[in-house]
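Let's sit down with a structure and learn to read a few of its features together.

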Amino acid sequence: MAELLLELLSEEIPARMQTRAADDLKRLICDGLKGAGIGFEKAQAFVTPRRLALVIDGIPAVRDDVSEEKRGPRVGAPDQAVQGFLKGAGLASLDQAEKRDTGKGEFWFAVVTKKGGPTADALPAVIDGALKALPWPKSMKWGSSTMQWVRPLQSIVALFDGQVLKGEVSPGGAMAPIAFGDTTRGHRFLSKGTFEVANFADYVAKLRAAHVILDAAERKAIILEGARKLCGEVQVTLNEDEGLLEEVAGLTEWPVPMLGSIDEQFMDVPPEVLIVSMKVHLRFFTTSGANGKLANRFVVVANNVARDGGKTIVAGNERVLRGRLADAKFFWDQDRRTTLESRVPGLKQIVFHAKLGTQAERVERIVRLAGEIAKATGADAAAVELAARLCKADLVTGMVGEFPELQGVMGRYYALGEKLPAPVADAIGDHYAPAGPNDRCPTAPVAIAVALADKLDALTAFWSIGEKPTGSRDPFALRRAALGVIRIIVENRLRLPLRPFLEVDDLLAFFAERLKVQMREKGVRHDVVDAVVSLGGEDDLVRLLARVEALQAFLGTEAGKNLLTAYGRAANIVRAEEKKDKGLAATIAGAPDAALLEQAEEKAVASALDEVSRAVKPALAAEDFVGAMAAFAGLRGPIDALFDKVTVNVTDRPEIRLNRLKLLNQIRATMDAVADFSKIEG
Amino acid sequence: MSNPSAARAKPTCFQELILTLQDYWAAQGCLILQPFDMEMGAGTFHTATTLRALGPKPWYAAYVQPSRRPGDGRYGENPMRLQHYYQFQAILKPSPADILERYLGSLQAIGIDTTLHDIRFVEDDWESPTLGAWGLGWEVWCDGMEITQFTYFQQVGGIEVDLVAGEITYGLERLAMYLFDKKSVYDLPFNRADSDVPLTYGDVFLQNEREQSAYNFEHADTEMLFRHFADAEKECGRLVEKKLPLPAYEQCIKASHAFNLLDARGVISVAERQSYILRVRELAKACCETWLATQKEAA
């Protein structure tokens, strides 16, 4: 058994593409091996900013001959079919094929032997195929190349069983081919020249000596442990951030965490502003003090071991941060000289969408919608009006101009600075929330009204110009908006029928779809949601979910399961009869005729149904879905007995048959009033 | 790689920074060209980049280009923002295999010691909607500060390039502020401190920033500029017809600058903005196509 080692060295690969590329390389090479009939035990992919690497263990050094039988056309088939068969099997003439009787006639058969031989002979083609197929999100040409790669490809290590594989990649144009070899390079600044590697273990060790940590998981651990230690030394806590950690590990081959400080003069700027500057723009980790508030220390991760111990690097990064924060502080001081109210007219200058007018027009719509929502939820109308009118005003502040990701957040700070009521300020700050499935939902009445209005306006507005999400395309994040509406309503248990706000039924259906997705993610059975949604007409999400929950709970009980079986039997019989007789459905609608109920079991079911109906109606009216379902439990015994003792299709007495079908249909109708049980999968 | 210049010592002022970069890139085999004598938003607009990036002929050049962004004017009050500033641009076509090493050599030449600093290549895709151009590359960070834009050109004027040019753009003021540790661009030493007449960047340009900002934002005659835009657009089209891509492209540059001024004056609505950008792009595209035809004829 032998090892395959592959390394593709290039100029710096964007951090966000690295993990995916390593996985793709592994998948493509493994698929290629399988396709070539080459076995292996274990494949591991690695990635750094400059290299994709792959090691595959347990590959046999030699491939056995493989014979394969191919069945051809029937003997005597047209020449065209015969020629096709010969070509496909690689035979010169039918003399090389044999006739065989399969029991269904005589057919031509070819026995094709794929020659085995050294695995090394087959590997270059596998590698070549994988390199051509590797899907970079964005790729480019370089020099005179016709080949595309994420950034210029520099060298390739391809070793099998310690030997260099014979192969090369031709970038095309006038460029020299990149031959497979055993030579690579270390860190861009901490290592000089090239070195040869013999196998994976040697490769990893030599890279380490050349200041490259191959494994991203190890780089992450170094960053995390180093950063925690630095923080511990100055009594602050690292604000851990997996996404940032991943990115920084993708920007460094030899990560060196270092501690820097924020100038005290900037610490009264809102922490969100400091965090955006540090985390988003400079890829610093932020820290917290003992009080949980943002501390004036940060961790920057360098990709170099500087000869002054990193003093210059830290000073440089602090300086860049100072420059950015000086801007931010300037805006912070400047913006607070103007009220939000006086900024509102400025929204006329900002186009929201070419077909949907300016932000000023959008705000007008939000004010109106928020007002209607406030009426329904009982939120303070004046506060809602004010918050809605000011919610977008921060878009024309200097700070949001420079840091767009702080929209809303800054509006809240400026509102608080103006001494506007706290619920108004919070509503401005919260009106974009929730930004995702894990983001916090607004809970205060004023904030709820404005946040809902913001999203409902976006949905109805984009719907009105035909900009609906399709497949993977959702440029205006309308799915997220709908999910936000659902979460705000459900988590706050708001009794807010949606239909008056949605204008079109199509949009209500979109909500139902989103709701199903959301419920499925929460582990609710999709058929249970279906059974409730397909009743139609329900636009009160809280009531809808109460019904879903009650139904799911009921179906979990023994009574529920049995009743579902009974429902299924009743429905099947009725459906089968309806199929035979198109007019039947109309005939059997309505209650059965009591006079025609002959057997005790029939009468028992009829009276049980009456009783259930009497109990269910008030329960439904009172939205007591658990009570409504519980009432069904009494049906189970009589229905079981009915199926035991009573024949429905008494062919010689049509009026009795019809009445019994009515009875069965009544079972279905009574249960369907609570949920469409036909949607439930047994 | 040619021998990097060892003659010049580490730069100590703005003009020595330029001279050092010129020496360095000259030693790398680049033509040292002079700025294009028209107002433009970036060094990329110079014919030495936009047009020379197209066609099958190799091209190594470097030059300083005064760049005008009327909307970035701050009346000389912002220490980092200017409506007129300088870019130093090197363009190597086809991009040589060691282009990054050559670039890092230029940092060494201007005094950025890679044993002390942290140099990072951070993904940054470049696109110029007005030129119909795009490329992939990086922002180069030195201790967290962006000091260079590095781009491999893939398309110019909507045309896929024959040979890929590596474009290296240094923002000179920003780089100088970093090298000479100045908080304000106006405090940069323009020439050496030991000169007979030592002057700062502010001595040379502060008044210009004030006056030009007033012009850009308050006094530019918008009717005249709309007329200039329309005239340049028409003239460009006429010259393209005559198969004169170089004069035609100058008209495209004129139209682009008129648009930038109008934009700064705030007289172009957001909806119109897109259509003006598209009109300039159409001009750039026509010029590039005409230019390319002349290159292929000559080749």
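Q: What should I know before I start?

A: This is a predicted model, in which local features need pLDDT of at least 70 and side-chain atom pairs count only at pLDDT 80 or more, while totals for chains, interfaces and linings use all residues. Residues are numbered from 1 along each chain as its sequence is written, with chains lettered from A and ligands numbered from 1 in the order in which they are written.

Q: At what angle do H7(A) and H8(A) pack?

A: Helices (H or I, at least four residues) and strands (E, at least two) are DSSP runs, numbered from the N terminus. Axes are lines fitted to C-alpha atoms, for helices over the stretch in contact, and angles run from 0 to 180 degrees between N-to-C directions. Here, helix H7 (residues 271–282) and helix H8 (residues 311–335) of chain A pack at about 140 degrees, with axes 10 Å apart. That makes H7(A) oblique to H8(A) (under 35 degrees is roughly parallel, over 145 roughly antiparallel, 65 to 115 roughly perpendicular, and the rest oblique).

Q: Which residues make the contact between H7(A) and H8(A)?

A: Two residues are in contact if their C-beta atoms, placed from the backbone, lie within 7 Å. Among them are A:Leu274 and A:Met278 of H7(A), and A:Leu321 and A:Trp332 of H8(A).

Q: In what order do the strands E5, E6 and E7 of chain A lie in their sheet?

A: Strands pair if DSSP finds at least two bridges between them. The three form an open antiparallel sheet in the order E5-E7-E6. Strand E5 (66–74) and strand E6 (98–101) of chain A are at the edges with a single partner strand each, so one side of each has no neighbour in the sheet. Seven bridges join E5(A) to strand E7 (residues 106–114) of chain A, and A:Glu68 sits opposite A:Val112 in E7(A). Helix H2 (residues 79–89) of chain A lies across E5 and E7 of chain A, at about 175 degrees to E5(A).
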